Amino acid sequence: SQPLSGRQAAELQSKVVPSKQILHSDNMEMEPETMETKSVTDYFSKLHMGSLVYSCTSKRKNK
Amino acid sequence: RMEASCLELALEGERLCKAGDCRAGVSFFEAAVQVGTEDLKTLSAIYSQLGNAYFYLHEYAKALEYHHHDLTLARTIGDLLGEAKASGNLGNTLKVLGNFEEAIVCCQRHLDISRELNDKVGEARALYNLGNVYHSKGKNVASAGTHDPGELPDDVKNALQKAANYYEENLTIVTKLGDRAAQGRAFGNLGNTHYLLGNFRSAVLAHEQRLLIAKEFGDRSAERRAYSNLGNAYIFLGEFETASEYYKRTLQLARQLKDRAVEAQACYSLGNTYTLLQDYEKAIDYHLKHLMIAQELNDKIGEGRACWSLGNAYTALGNHDQAMHFAERHLEISREVGDRSGELTARLNLSDLQMVLGLSYSTNNSMMSESQVVDNSLNGTRPRVGRRHSMENMELMKLTPEKVQNWN
C-alpha cells in the first residue's frame, strides 16, 4: 500500500547496521578497588587494652 | 572521659560500616572527630575509615579530604605502614577523580614503602592499584577520541601496556601467596586491559581464569562480570554465536541477582549480537526488553539507544512503519537529553525513511513535535535524565575491518 520504490528500499536496506557499525556501549566490567583499612580496635587493643587483655588471658589460663 | 567517648563513637562507626551502613557510620566517625582525641593513631584510623566510607558512598571530594588528613598524620607520627596505606587510599581516590598523575605518585609511594617494609601483601595491593590507575588513564584518553579497541594512539597504548605489566607483577606475587581472591581481581582487570589493547585472545584467557575463580568462591557477581567480558571479547573476535551464549548467561545471572540495570545491559548486548548475526526478530525481541527496563528505570539515554537500535532492526526487516515510529521516538529523546549527534542521526534516519515511504511531511509537522508539547505541558519541568553508569559511555563503533562510511 506504500508508494515504495524498490530502488529506494534497497538503498535503505543496504544502509542498515549489520556488521558495519553498531551502537556500542562501553560496558566493560571492572573488578572492584581494594582500599587499605585501619581500625581503631587494632590500635586500641595494642595501646590501651594490651595489659588488660594480657591479664584476662592469664587469669583464664590460671583457672 | 572525653577519650572514652571518642573511642566509643569510633567503635560504633566501625561496627556500622562493617554492617554495610556507611551513612550512619560516617555520622559516628564525624562525631568522634568532633569530640577529638590525643591519640594520633586512633585519629588516623578514624580519618582513614571516614575516607573509605565516603569513597564507598561515592563522595570522592570528602574521601580525598580525609585520606589526606590521614596521610599528614601518619607522616607526622612517623607511622610508615600507616603512611603506605593512606597513600594507597589517596591514590585510589585521585584515580576516580581523574587526577592520574598524582594518583600514580601516591600509589608508587604505597609500593615503595611496602617494598621497604618487605610487606608482600602491601606490595601486591599497591601493584594492583597502580594497574588500575594506568588502566583508567588509558581508557580516559582513549574515550576522548573514537577508537575501536586495538586502534589506539601511542600514549593510550603505553598507559594500557603499563597497566598490563603491573597486573602481571601483582599476579606473580598473589599466586605465590596463594591469594585466589586477589588473583581473580587481577585476571579480570588484566583481561579488560588486553581487550582495550585489542589482544582479544589474551582477554579471553584472562577472563576464563577470572570465571574459574569466581565459581570457586561462588561469587555470582564476579561470575556475571566474567560472562559479560567474555561476550565482549568474542564480539571482537567475530565469534558472535559464542558471544551470544555468554551474554545469555549474563542475563540469567542478572535476573537471579535481581539487578535490573545489568539485565537491561545484557538485553542490549544480545540485541546487538543478534543484529550482527542478522537475526533481526531476536534482535528486536531483546531490544524491546531493554527498552522496557530503560523506561522503568527512567534511563532516557538507554531508551534513546533502544529506539535507535529498534529503528535499525525494523528497517532491516522492511517494517518501515515501526522503523519510523522508533526513529521519531529517538529524535524526541535525543532532543530531551540534549544529545546533538543523536538528534542529527535521528533526523537523517527519518529523512531516509520518509523518502522510502514517499512521505513529504516536514519534521515540524510530524507527530513527534506534538507529542513533545503534550509531554512538556503534562510535566511542567524537564524530565529527569536517568543514567545507568554501565550505559553512559556509548559511542558509535565500526565492527568490521573494512571501513564503511558512516550513515549518520
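B:Y134 is buried, with a relative accessible area of 8%. The cut-off for that label is under 20%. B:Y166 falls under it too: at 16% relative accessibility it counts as buried. These values come from a predicted model.

**Aromatic pairs between helices 7 and 8**

Over all chains, a search of the whole structure finds 13 aromatic pairs. Start with B:Y128 and B:Y167. Their ring centres are 6.1 Å apart and their planes stand at 55 degrees, so the pair is tilted. B:Y128 belongs to helix 7 (residues 120–144) of chain B and B:Y167 to helix 8 (residues 154–177), so the pair ties together parts 39 residues apart in sequence. Both B:Y128 and B:Y167 are buried.

How are the rings of B:Y134 and B:Y166 arranged, stacked or tilted? Their centres lie 5.7 Å apart with the planes at 15 degrees, so this pair is stacked. The cut-off for stacking is planes under 30 degrees apart. This pair also links distant parts of the chain, with B:Y134 in helix 7 of chain B and B:Y166 in helix 8, 32 residues apart.

| Pair | Distance between ring centres | Angle between planes |
|---|---|---|
| B:Y128 and B:Y167 | 6.1 Å | 55 degrees |
| B:Y134 and B:Y166 | 5.7 Å | 15 degrees |

**Other ring contacts**

B:R185 lies over the face of B:Y128, 5.9 Å from the ring centre. Elsewhere, the charged end of B:K289 sits over the ring of B:Y286, at 5.0 Å from its centre. One aromatic cluster is formed by B:Y47, B:Y54 and B:Y66.

**Chain B overall**

Chain B has 18 helices and one strand. It holds 408 residues, and 53% of them are buried. Take the contacts in chain B between residues at least 6 apart in sequence: 57% of these join residues at least 24 apart. The chain exposes about 18,200 Å². Carbon and sulfur atoms supply 51% of that area.

**Helix 11**

Helix 11 covers residues 220–236 of chain B, 17 residues in total. From first C-alpha to last it reaches 25 Å, close to the 24 Å expected at 1.5 Å a residue. The helix is mostly covered, with 15 of its 17 residues buried. At its start, a side-chain oxygen of B:D219 comes to within 3.3 Å of the backbone nitrogen of B:S221. After helix 11 comes B:G238, whose phi is positive, near 80 degrees.

**Helix 17**

Helix 17 runs over residues 340–357 of chain B and has 18 residues. Spacing along a helix matters here. An α-helix has 3.6 residues a turn, so residues three or four places apart point the same way.

At the start of helix 17 of chain B, a side-chain oxygen of B:D339 reaches to within 3.3 Å of the backbone nitrogen of B:S341. Just after the helix, B:G358 takes a positive phi of about 70 degrees.

**Loops on either side of helix 14**

B:N298 is found in the loop between helix 14 and helix 15 (300–316) of chain B. B:N298 is not a glycine either, yet its phi is positive, about 55 degrees. At 31% relative accessibility, B:N298 counts as partly exposed.

**B:E296 and its contacts**

B:E296 lies in helix 14 of chain B. Its relative accessibility is 47%, so B:E296 counts as partly exposed. The side chain of B:E296 makes a polar contact with the side chain of B:R260, at 2.5 Å. B:E296 and B:A261 are 35 residues apart in sequence. In space, their C-alpha atoms are 9.9 Å apart.

Notes:
Residues numbered from 1 in each chain as written. Chains lettered and ligands numbered in written order. Heavy atoms only, no water. Phe/Tyr/Trp six-rings, centres within 6.5 Å; stacked < 30°, edge-to-face > 60°. Helix = DSSP H or I, 4+ residues; strand = E, 2+ residues; numbered from the N terminus. Buried < 20%, exposed > 50% of the residue type's maximum accessible area, 1.4 Å probe, protein only. Lys NZ or Arg CZ within 6 Å of the ring centre and 35° of its normal. Expected span 1.5 Å × (residues − 1). Polar contact = N/O pair within 3.5 Å; in protein donor to acceptor, adjacent residues only side chain to side chain. Contact = heavy atoms within 4.5 Å. Areas by Shrake-Rupley, 256 points an atom, 1.4 Å probe, with all protein chains shown as cover.
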